[in-house]
Amino acid sequence: VQLQACGGGLVQPGGSLRLSCAASGSGSSINVMGWYRQASGNQRELVATISSSGGSSYLTSVKDRFTISRDNAKNTVFLRMNSLKPEDTAVYYCYADYRDNTTFLVSHSWGQGTLVTVSS
């Protein structure tokens, strides 16, 4: 499974952005998808996850501002980010947990990262 993320950019504090991440590749069933972020000098942190049935969870600091969603038919996950703050500045990485339909092995795939900069 390959992941392609897009949607990052420069936005002013209080603004909004929508990230998307499309998974490609056949022969696998995707389970959990989500987003991590890594700010300069910091460790990567989990921002939000969503299961194939739609159950979601969020980092406390983004809850009520960010919304994760997915389109299972298109194997795409989205992250709507509202009321952005300078501390949200980071490279955002999407990920997916998936199972090979032939071997039933569970694996993990990462997108290439998209930079979100919140600054006036």
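Modeller: This is a predicted model. A place to begin is the hairpin of β9 and β10, which has five residues between the strands. In that hairpin Phe-104 takes a positive phi near 65°.

Biologist: What makes β9 and β10 a pair of strands?

Modeller: Two strands pair if there are at least two bridges between them. Five bridges join β9 to β10 (residues 106-110), and the two run antiparallel, so by that cut-off they pair. Arg-99, for instance, stands opposite Val-106 in β10.

Biologist: Which other strands pair with β9 (90-100)?

Modeller: Strand β4 (residues 28-38) pairs with β9 in the antiparallel sense over nine bridges. Within that pairing, Ile-30 has Tyr-98 of β9 as its bridge partner. β9 and β11 also pair in the antiparallel sense, over three bridges.

Biologist: Why is Thr-114 called buried?

Modeller: Buried means under 20% relative accessible area. Thr-114 has 10% relative accessibility, so it counts as buried. This residue lies in strand β11 (residues 114-118).

Biologist: What is Thr-114 in contact with, leaving aside its neighbours within four places in sequence?

Modeller: Contact means heavy atoms within 4.5 Å. On that basis Thr-114 is in contact with Cys-6, Gly-7, Gly-8, Leu-19, Ala-90, Val-91 and Tyr-92.

Biologist: How do you know that the side chain of Thr-114 makes a polar contact with Gly-8?

Modeller: The cut-off for N or O atoms is within 3.5 Å, with one able to donate a hydrogen and the other to accept it. A polar atom of the Thr-114 side chain lies 3.1 Å from the backbone nitrogen of Gly-8, so the pair meets the distance cut-off.

Biologist: Why are Asn-75 and Ser-83 called partly exposed?

Modeller: Partly exposed is the range between buried, under 20%, and exposed, over 50%. Asn-75 is at 28% relative accessibility and so counts as partly exposed. Ser-83, at 40%, counts as partly exposed too. Asn-75 sits in the loop between β7 (66-71) and β8 (76-81), and Ser-83 in the loop between β8 and β9.

Biologist: What phi values do Asn-75 and Ser-83 have?

Modeller: Asn-75 has a positive phi of about 50° although it is not a glycine. For Ser-83, also a residue other than glycine, phi is positive and near 50°.

Biologist: What makes β1 and β7 edge strands?

Modeller: The open sheet has four strands in the order β1-β3-β8-β7, with antiparallel pairing. β1 (2-6) and β7 each have a single partner strand, so one side of each is left without a neighbour in the sheet. From one strand to the next the twist averages 15°. β1 is joined to β3 (residues 17-24) by five bridges, and Cys-6 stands opposite Ser-20 in β3.

Biologist: How do you know that the radius of gyration agrees with a compact globule?

Modeller: With 120 residues, a compact globule would have a value near 14 Å; the protein has 14 Å, so the two agree. Along its principal axes, the C-alpha trace spans about 50 × 25 × 20 Å.

Biologist: How many helices and strands are there, and what share of the residues is buried?

Modeller: There are zero helices and 11 strands. Buried residues make up 38% of the 120.

Note on methods:
Residues are numbered from 1 along each chain as its sequence is written. This is a predicted model: local features need pLDDT of at least 70, side-chain atom pairs count only at pLDDT 80 or more; totals for chains, interfaces and linings use all residues. Side-chain values use heavy atoms; hydrogens and water are left out. Buried means under 20% relative accessible area, exposed over 50%, partly exposed in between (1.4 Å probe, protein chains only). Axes are lines fitted to C-alpha atoms, for helices over the stretch in contact, and angles run from 0 to 180 degrees between N-to-C directions. The radius of gyration is taken over C-alpha atoms; the globule rule is 2.2 Å times the number of residues to the power 0.38.
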